[in-house]
Amino acid sequence: MTSSIDEFGTIKSISFYHGNYLTEDKPGVWVSKDFVQENDLSFKIRYDDKLYDFKNSKNRVEADLVFNLFPRIKHDLKDLKCTIIVYAPVGRTGARLSCLVYGIYIENLKPTNLTGELILPKLYEKKYSDRRNILMHCPQSADKKTVHFSISPGKAKFIPFILCDPNAYSSEE
């Protein structure tokens, strides 16, 4: 798996590589590469009748690395702060998992309750296509399009997403 994100937290590219396949009888020629890929995945947040698109930020945005390893992007909005953390997990045995964890930590800076919804990026979903899709899993999303939240004053909520290779995991995992 490879991925790249920009300074706003947009997943510019995510690819899950499966292998190369010999498709011609020419020795040493590999002409078919098998992978799934998505581009330009960005989240939006709606609260107090305002829509904020993370990739088109006009507010203060800071990007750094946690422990010099994990990208962290902080979006400072008037009434809330959104911090994005992205990492590729490694299992206990050191095995690389074929997925990307994308977490959004929302802090309520208002003196009142904050309610809203996080709008998930639209994935490629054409049913009858030769292109395979990546999967995005969020346990807090019922419709796989939004995550509704309500946060008390001074409190925060963490919403994790897992983007994974559809060939690597079954729905039970």
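Analyst: At 12% relative accessibility, S141 counts as buried, where buried means under 20% relative accessible area, exposed over 50%, and partly exposed in between (1.4 Å probe, protein chains only). This is a predicted model, in which local features need pLDDT of at least 70, side-chain atom pairs count only at pLDDT 80 or more, and totals for chains, interfaces and linings use all residues. Residues are numbered from 1 along each chain as its sequence is written, and side-chain values use heavy atoms, with hydrogens and water left out.

User: Where is S141 found, and which residues does S141 touch?

Analyst: S141 lies in the loop between β11 (135–137) and β12 (146–151); strands (E, at least two residues) are DSSP runs, numbered from the N terminus. Leaving aside residues up to four places away in sequence, S141 touches L120, T146 and V147, contact meaning heavy atoms within 4.5 Å. The S141 side chain also reaches the backbone nitrogen of K144 at 2.9 Å.

User: What is the phi of D48, and where is D48 placed?

Analyst: D48, also not a glycine, has a positive phi of about 45°. The loop between β4 (44–47) and β5 (50–53) holds D48, which is partly exposed at 34% relative accessible area.

Methods. Helix = DSSP H or I, 4+ residues; strand = E, 2+ residues; numbered from the N terminus. Polar contact = N/O pair within 3.5 Å; in protein donor to acceptor, adjacent residues only side chain to side chain.
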